[in-house]
Structure formats: C-alpha cells, structure tokens
Amino acid sequence: MADFQFSDARLAALYDAFSPWDGRGDFGFYLPMVMSARAVLDVGCGTGALLHAARQAGHAGRLCGLDPAPGMLAQARRRTDIEWVQGDLASAAWPPEFDLIIMTGHAFQVLVTDGELQASLTAARSALTAGGRFVFETRNPLARAWQRWTPQHAVRVPDASGAMIQMAHEVRAVSDGVLAGDGTVSFVTTYTSPAWDRPQVSHSTLRFLGPGPLARFLAAAGLAVEQQFGDWGRQPLSATSPEIITIARRA
Ligand SMILES: C[S@@+](CC[C@H](N)C(=O)[O-])C[C@H]1O[C@@H](n2cnc3c(N)ncnc32)[C@H](O)[C@@H]1O
C-alpha cells in the first residue's frame, strides 16, 4: 500500500479525527483482550490510540507498537510509557514473547503481496508465546465495502486550527479475483482544505481475502483459526458479514 497519508506528518495528525474512537466498533472488541494480556504487540499501530487507552486504563504489562510510518509514530510517541518501534512485521524478528499480537483498523489488508503476507504471518507466529493469540480483522470481500469509497461519501473534520479538511476516496481498480475471495482494490484518497495551497493525494492498494484463502495463508505460516466473527458484536461469520475477525493460535 502506498501509505503517503500515514507518512505525512500533517495527515497523520488528522488520522484520529477521521477515525474517532466513538465512531469505530473495533476498539471495544480489542481493548478487553489487550487489558487481559501480559505482553501485547500492536502491528500497524498507527497513532497508537488503542495502546494509549490500554495504558490509560491501567495496563501494567508490556505494550509495544510497531509501524513503518514516521508520521504515525510521531503521534504514538506522545505517550512515552509504551515501546514504539519503527518497522514492518515482515522484517521484525521478535522471539516468542507476546501473548497477544493484534492488527486493527484493517492494517492486515496493507499486506498486499503473497511474499509480504507469508513473511508477516511467519514473523507473527514466531513472536507469539506457546498459548498466544494473533487477532486481526479483514473486510469481507463479499460485503464490497469499496462500493462506498466514492466522493459522495467524503468525510470532513476540523484540524487543530479549526480549518476544515475533506477526505474523499475514489476507486481506480478492482481485480478479478476479489469476489472469488482473493484480490485487490486500488483507490485514490484526496485530502483538500481551504487552508491549503493544493490537495494531497495518496494512492493505495488493499488486499481482500475471503475465509478460505485466509485460512490457507495462516496454515502455511503455522497458525490455526481458533474463532471467527462477522462483526464487532461477535455475530458468527456469514457470507455477507462486513468483517472477517480472526483469532488465531500457533498450530
Ligand atoms: C489503516 S492504519 C491502522 C492504524 C491503527 N491500527 C488503527 O486501528 O487505527 C494502517 C497502518 O498500517 C501501517 N502499515 C503499513 N504497512 C505496514 C506493514 N508492512 N507492517 C505493519 N504496518 C504497516 C500504516 O503505516 C498505518 O499506520
């Protein structure tokens, strides 16, 4: 994924405004797991909002956030009582010391190539303790979320100075395999503001895996699906569920 929007400090500073805690159901799912784990690795931690909340709520153990984007990590580092590591999972080499590894905010979908997926899942397995869990979600391809990624669904938020910033997505390509359970969606995100000279544009590609291909990638990395849910209310996964939320363990 071209992650210009995450590397750019100005846009990273707006990330939490575009994805506010009360507008997302996932943190209510992940936070109790984080609170009950001894050592947690948040892969693609972004601005670190979830780990910030865990420490704020009294988590006394190890909290570690990993992200390749300096702009996002600059936001995360506002809290200094958490470990922040710049990098990606594929090139990380942690020994088995985390009893929970999470990827939230659909960060899993930025792993686009087979090689990135295989290397990242293998690294996650290696970093898990024997009874540890790897928990993440990916959008169900059959729910076709990208059909709502249109300029008509643009979102506007104020920045710290009060200037309005608009974020609009436009899909450029949907690969043939997506509805069969393995493909990619490429899109452009345009940020505009009356306070800026010109728009900022980022090009992104996300991979969409259905349950079958996902289970095969996990198995190849020595991970087994323990539980899956279709939404943040823990409904069972169905053909039209919006999410594929997976709790995996070492096989
Ligand atoms: C959509 S954001 C999600 C951020 C955060 N987890 C959340 O829930 O809001 C995706 C994050 O994945 C990070 N990322 C991109 N490529 C990555 C990789 N190969 N490994 C780990 N993280 C990556 C990006 O920098 C970005 O911060």
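Two residues are in contact when heavy atoms of one lie within 4.5 Å of heavy atoms of the other. Keep that cut-off in mind for this predicted model. Start at Ile101. Setting aside neighbours within four places in sequence, Ile101 is in contact with Leu41, Val43, Ala124, Ala127, Leu128, Arg133, Phe134 and Val135.

Now widen the view. Ile101 belongs to the largest nonpolar core, which has 30 residues. Ile101, Phe108 and Phe134 have the most contacts inside this core. Several elements each supply at least two of its residues, including the strands β1 (39-43), β2 (62-67) and β4 (98-103). The helix α7 (114-127) gives the most, with five residues. A second, separate core holds 23 residues, among them Met33, Leu50, Trp84 and Ile247.

Next, look at how the chain is divided. Domain 1 covers 9-141 and 210-250, while domain 2 covers 142-207. Their C-alpha centres lie 22 Å apart. The contact between them takes 23 residues from domain 1 and 24 residues from domain 2.

How much area is buried between domain 1 and domain 2? The value is about 1,800 Å², and carbon and sulfur atoms give 65% of it. Three residues stand out on the domain 1 side. Leu11, Phe18 and Pro141 supply 36% of the area that domain 1 buries against domain 2, more than any other three residues.

Polar groups take part as well. Eight residue pairs are in polar contact across the interface of domain 1 and domain 2. The elements α2 (9-12), α3 (15-18), α7, β5 and α8 each supply at least two residues of the side of domain 1 that touches domain 2. The interface also has one salt bridge.

Side chains of opposite charge can pair when their charged atoms come close. The structure holds seven salt bridges. Asp114 pairs with Arg207, with the closest N and O atoms 2.8 Å apart. In another pair, Arg24 and Asp26, that distance is 2.7 Å. Are these two partners buried or exposed? Arg24 counts as buried because its relative accessibility is 17%, under the 20% cut-off. Asp26 is buried too, at 5%.

Arg62 and Glu83 form a salt bridge as well, with the closest N and O atoms 2.7 Å apart. This pair links distant parts of the chain: Arg62 sits in strand β2 and Glu83 in strand β3, 21 residues apart. Arg62 is partly exposed at 25% relative accessible area, and Glu83 is partly exposed at 33%. Salt bridges with shared partners join Arg62, Glu83 and Glu97 into one network.

Note on methods
Residues numbered from 1 in each chain as written. Predicted model: local features only at pLDDT ≥ 70, side-chain atom pairs only at ≥ 80, totals over all residues. Heavy atoms only, no water. Core = buried A, V, L, I, M, F, W, Y, C linked by side-chain atoms within 4.5 Å. Buried < 20%, exposed > 50% of the residue type's maximum accessible area, 1.4 Å probe, protein only. Helix = DSSP H or I, 4+ residues; strand = E, 2+ residues; numbered from the N terminus. Domains from an automatic or database assignment. Buried area = accessible area lost by both parts, 1.4 Å probe. Salt bridge = Lys/Arg side-chain N within 4 Å of Asp/Glu carboxyl O. Polar contact = N/O pair within 3.5 Å; in protein donor to acceptor, adjacent residues only side chain to side chain.
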